[in-house]
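The sequence and structure are shown first.

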Amino acid sequence: MGQYQDTYNEANKDPSAFWLKQAKDVQWTTFPSVGVNTDNSPFNTWFADGEINACYNAVDFHVANGRAEQLAIIYDSPVTDSKRTLTYAQLQDQTARFAGALKAKGVSKGDRVLIYMPMVPDAVVAVLACARLGAVHSVVFGGFAAKELAVRIDDSTPKVIVAASCGVEPSRLVEYKPLLDEAIDIASHKVDATIILQRPQCTASLVEGRDYDWAEVMNSAEPAECVPVASTDPLYILYTSGTTGQPKGVIRDTGGSVVSLKWTMSAIYDAKPGDVYWAASDIGWVVGHSYIIYGPLFHGCTSIMYEGKPVGTPDAGAFWRVIQDYKVKVLFTAPTAFRAIKKEDPNGDLIKDYDLSSFKTLFLAGERCDPDTLIWAQEKLQRPVIDHWWQTETGWAICANCVGLENLPVKAGSPTVPVPGYALDVLDDNGTPVKRGEIGSLVIKLPLPPGTFPNLWNAADRYVSSYFSRFEGYYETGDAGYIDDEGYAYVMARTDDVINVAGHRLSTGAMEEVLASHPDVAECAVLGVADDLKGQLPLGLVILSSGCDRSHDDIAGELVKRVREHIGPVAAFKSVAVVDRLPKTRSGKILRATMRSMADRVAWKMPATIEDPAVLDEIQTALAALGYAGDGN
Ligand code: COA
Ligand code: AMP
């Protein structure tokens with residue numbers, strides 16, 4: 001048996017013993033005596049009697065153990081033409097001071113702090129400062145609009161909000177402060193204070209008595225020490241898309257996160273302390289939390305923060321330049337980034353212009369990795385390319401080729417095998433395991449390993465109903481797929497209304513709510529249709545209210561604008577058609593899957609339950625007008 005299988009079996013046989021062993025690899029103020037407690041399943045806890053501080057593990061421990069002068073963060077920003085580095089000692093100094101600044105604004109253990117910042121090192125400082133105080137951070141991605149921000153303010157009820165004056169996209173400056181002001185206006189919860197990082201690209205106006213300048217509060221701050229918290233105390237809340245417009249606040253606990261992320265750095269990514277690790281994502285997503293900030297820092301690595309795109313900043317060689325300049329060993333990004341690079345530089349000519357000798361492995365996640373993209377990356381880079389599958393809910397990979405344990409053969413289209421800790425199964429609609437090779441719901445037998453999600457913020461009922469009620473004793477991932485004869489998993493599609501646009505997780509249900517709120521819209525459906533670059537794109541079909549005789553183009557334009565304003569530009573909602581009817585079952589359920597197959601030009605069958613098959617002809621015409629057309633059944 002290889003090391004992967006040995007480790008998998010060990011973790012499966014006695015999860016508590018396995019993870020308590022890994023727990024010895026991190027720093028505790030009180031080492032736990034218990035592993036998992038399943039008395040109140042699915043609300044399972046890990047290391048319940050342990051006490052720990054995540055910031056100490058990420059920063060102070062390394063300063064005290066020979067890494068003070070090693071770079072912790074390298075910031076490279078082609079969009080602002082600037083670079084900056086922070087050693088572990090500098091990161092400790094800034095984090096301790098910013099923690100002091102938060103403390104001076106009344107923040108203490110358990111309080112929430114909302115962080116709305118772009119990819120700048122100060123965002124890492126803000127996150128770690130919260131962890132230092134035992135406060136709970138909730139980072140909101142910069143591409144979300146004011147309304148989404150307001151929903152998160154009301155749900156997490158932060159004491160303080162930390163934001164920057166602006167984000168910088170290649171084509172425009174995104175002023176964050178007006179969005180923040182609008183969100184604070186809309187939200188019912190009122191924050192005590194905001195701290196605003198004024199970036200040189202734009203200066204935000206501050207509201208006297210509420211908004212404070214980052215530089216000023218830092219100047220007068222007294223450094224704060226790490227506050228030990230219970231292992232089960234929340235480290236952060238990260239909102240993610242569900243079926244409705246109300247996002248789910250995924251909670252990550254503290255001890256489980258430190259232990260699991262530290263372990264994955266070597267077991268999955270084969271990174272050693274001191275290595276340069278680059279997750280080309282955003283701190284607003286789970287990948288950013290786990291692998292721009294916490295994982296690499298827990299492991300004593302140097303983490304790259306890249307404020308730019310894979311193409312256009314300035315070209316498709318951007319990733320290779322960063323790898324060369326900073327001797328990156330591991331790169332982690334989404335397949336969409338590689339599709340973008342492949343489109344611009346199909347032969348990979350730019351790769352040859354750079355010295356990539358430090359580069360060992362490419363990891364891809366965030367969306368299904370199409371075999372073409374995987375094979376292109378393998379051929380052009382001549383390095384292992386590892387697709388791995390995970391979710392905001394799990395915080396780290398469910399399936400991967402754990403190259404730090406054993407390098408298994410790669411099969412294009414599969415994120416390889418379950419990572420030790422995850423007992424993956426495939427069930428049919430009745431909850432019966434299917435045969436190997438058959439598609440069903442991908443589920444994980446409880447208990448979930450440490451560092452996953454012990455609950456949803458303010459939504460314990462939803463936690464149970466969304467994830468644990470359909471299949472007793474299992475976590476329902478919301479993904480469908482199969483496991484082949486050799487135990488390799490294949491993740492094929494979501495079973496809910498979640499779509500994946502350029503690696504960003506979005507809810508079609510939330511977009512439908514926005515469309516339905518337009519006064520001229522009587523009914524609507526939003527589908528995620530296949531896109532060569534972004535994987536999926538949302539497409540809206542709307543029925544107008546009776547008597548509405550306004551121009552369809554005007555209404556379509558208003559709807560596109562409305563989604564951008566309510567959800568944000570990241571939704572990339574640009575296609576909408578007005579139709580007379582939507583196809584429905586006799587019980588009134590809209591046949592979204594059939595319309596999606598038509599739009600994607602894949603074979604589809606006339607649903608037996610359809611109320612009126614003729615509606616599909618009308619839909620076909622509308623889709624064709626938008627550039628999508630089905631093959632018929
Ligand atoms: N703040 C404000 N706006 C943002 C933003 C941010 N942090 N991030 C993205 N946006 C905006 C973009 O400006 C764009 O707006 P536009 O409609 O005015 O052009 C829109 O949101 C969509 O952005 P994006 O998804 O980045 O698409 P793109 O067309 O600009 O670039 C890719 C396409 C493939 C290059 C890009 O999506 C990419 O690099 N993806 C990598 C995947 C990734 O990081 N995934 C995270 C999970 S691992
Ligand atoms: P997020 O919570 O934003 O990380 O998105 C999680 C969802 O993205 C998963 O439930 C999958 O639908 C999809 N996903 C992530 N990684 C992969 C992968 N490697 N293969 C297939 N789907 C993936």
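## Basis

The model is predicted: local features need pLDDT of at least 70, side-chain atom pairs count only at pLDDT 80 or more, and totals for chains, interfaces and linings use all residues. Residues are numbered from 1 along each chain as its sequence is written, chains are lettered from A and ligands numbered from 1 in the order in which they are written, and side-chain values use heavy atoms, with hydrogens and water left out.

## Ligand 1

Ligand 1 is surrounded by 23 residues (a heavy atom within 4 Å), the closest being Glu169, Arg172, Lys309, Pro310 and Arg564. By class, the shell holds eleven nonpolar, six polar and six charged residues (nonpolar: Ala, Val, Leu, Ile, Met, Phe, Trp, Tyr, Cys and Pro; charged: Asp, Glu, Lys and Arg; polar: the others, Gly among them).

Oxygen atoms of ligand 1 form polar contacts (N or O pairs within 3.5 Å) with the side chains of Lys309 at 2.6 Å, His504 at 3.1 Å and Arg564 at 2.8 Å.

## Ligand 2

Around ligand 2 there are 15 residues, of which Asp387, Thr392, Asp479, Arg494 and Arg505 come nearest. This shell comprises four nonpolar, five polar and six charged residues.

The side chain of Thr392 places a polar atom 2.5 Å from an oxygen atom of ligand 2. A polar backbone atom of His388 lies 2.8 Å from a nitrogen atom of ligand 2.

## Helix pair

Helix H1 spans residues 3-13 and helix H2 residues 15-23 (DSSP runs of H or I, at least four residues, numbered from the N terminus). Their axes are 5 Å apart, at an angle of about 115 degrees (lines fitted to C-alpha atoms over the stretch in contact; angles run from 0 to 180 degrees between N-to-C directions).

Terms used: A polar contact is a pair of N or O atoms within 3.5 Å; within protein, one must be able to donate a hydrogen and the other to accept it, and residues adjacent in sequence count only if both atoms are side-chain atoms. Helices (H or I, at least four residues) and strands (E, at least two) are DSSP runs, numbered from the N terminus.
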